[in-house]
Amino acid sequence: MIHKNKHISSRQTFSSLAILTILVIRGAAVIMTQYRHNPAVLQKDALVPTTDNIDRSSQPASDKSFLPLPPGLAPLTASEIFEPQTLSDKINGKAELYLSAGFVRLISQRFKDESGSDLWIEAFLYDMSNSQNAFSVFSAQRREDGISMGITPHSYQTSNAIFFVHGNYYVELIASEASERVVPPMKLLAERFIHNTPTETAVIDEMDLFPQQDLVADTIVLISSDAFGFEGLDKVYTAEYELDGAGLMAYFSRRQTGDEAEKLSSAYRNFLLDFGGQAIETQLPIQNAQPVEILDTYEIIFVYGAYMGGVREAATIDQAKKLVLRLYERIKEVSGES
């Protein structure tokens, strides 16, 4: 058999090599087909760019966009990427807010109106790791003149900008002018991004824990760290209320365990006392309520299950008691913790 193999004709050898070449080419074609993406749809990791597909400079690159653009818009500048150590280069003075809320990276780029006008829109795409972090910076940055939109559960517009949360992304679209003509292209850009960017749906159930009566619309905020100036008090939801003609704030934070909630509430109370607060006595049907008078306002802290909650900046103790009872009963009703 070995002797016969040595005498295989050159024609047979050529045929074998030709067949093998065809198989390799076909296999490569199959692999290329499997990995050929639809450029109009962003894949799950498409917005986690590398230095290969994002230009770190601001030099114009008219043929590339990190977002799927609607008709009428084209890139004006190159995409830029900023990471935690370089974020302040782009948003000097505000970087700490994002960093303390779990910031991963920012991608930004400007787009121009192809009709030849001088209008441009800059997109800021903040990857905040998860939907709660994204909501935290969205709520902290919310503008008073904002008008709620329906493109996502957390979205609003102003005369020259659109802001929204989409999964773990917080997005700002800011136009070069304030006018009616800038809203349609910004909305199209936002809708195109939302439609083509797969991400988990942002569900923030904690908002349901705030009682609706006397709640001021669009004032729920998530403070990621050092709430009320107290180090260690993080992941705190707050909401503004108008009660008896005066404003005050309700807040709560869900901790890992009831024991952690108890320790944190005691530490926060001591923090208030150290800064001039006075512990006071008052009648409340909440066993562990801790009322404090500080700077001519009243605060009441309580714990229910793994929740630390309370009311602050109340003008009177009666006002504080009224709202804290509503908050306590609402958390008790919705959470069902004990």
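Helix α6 gives the most to the lining of the largest cavity, with three residues; helices here are DSSP runs of H or I with at least four residues, strands are runs of E with at least two, and both are numbered from the N terminus. The model is a predicted one, so to speak of local features takes pLDDT of at least 70 and side-chain atom pairs count only at pLDDT 80 or more, while totals for chains, interfaces and linings use all residues. Residues are numbered from 1 along each chain as its sequence is written, and side-chain values use heavy atoms, with hydrogens and water left out.

Back to the cavity: the structure holds one of 30 Å³ or more, and about 40 Å³ of space lies in the largest. A cavity is a set of points on a 1 Å grid over the protein atoms alone where a 1.4 Å probe fits but cannot get out, and lining residues have an atom within 4 Å of a point. Points are joined across faces, edges and corners, and the volume is the space filled by probe spheres set on them. The lining includes Phe66, Leu67, Phe164 and Phe193. Two or more lining residues come from each of β4 (120-127), β8 (169-175) and α6 (183-196).

As for nonpolar cores (buried Ala, Val, Leu, Ile, Met, Phe, Trp, Tyr and Cys joined through side-chain atoms within 4.5 Å; buried is under 20% relative accessible area with a 1.4 Å probe, protein chains only), the largest has 47 residues, and Tyr98 is among those with the most contacts inside it. Helix α8 (residues 317-335) supplies the largest share of this core, six residues. A second, separate core of 24 residues includes Ala123 and Phe164. Tyr98 touches, among others, Tyr126, Met128 and Tyr170, not counting residues up to four places away in sequence; contact means heavy atoms within 4.5 Å.

Lys321 also sits in helix α8 and counts as buried because its relative accessibility is 18%. Among the residues it touches are Thr282 and Ile300.

Then there is an open sheet of seven strands, ordered β9-β10-β11-β15-β14-β13-β12 with antiparallel pairing; strands pair if DSSP finds at least two bridges between them. Its edge strands are β9 (221-223) and β12 (278-279). Strands β11 (residues 246-254) and β15 (residues 307-314) pair over six bridges, with Val311 as the bridge partner of Ala250. Helix α7 (residues 258-274) packs on the sheet, its direction making about 165° with that of β14; axes are lines fitted to C-alpha atoms, for helices over the stretch in contact, and angles run from 0 to 180 degrees between N-to-C directions.

Technical notes. Buried means under 20% relative accessible area, exposed over 50%, partly exposed in between (1.4 Å probe, protein chains only). On a 1 Å grid over the protein atoms alone, a cavity is a set of points where a 1.4 Å probe fits but cannot get out, and a pocket is an open set with protein on both sides within 12 Å along at least five of seven lines; lining residues have an atom within 4 Å of a point.
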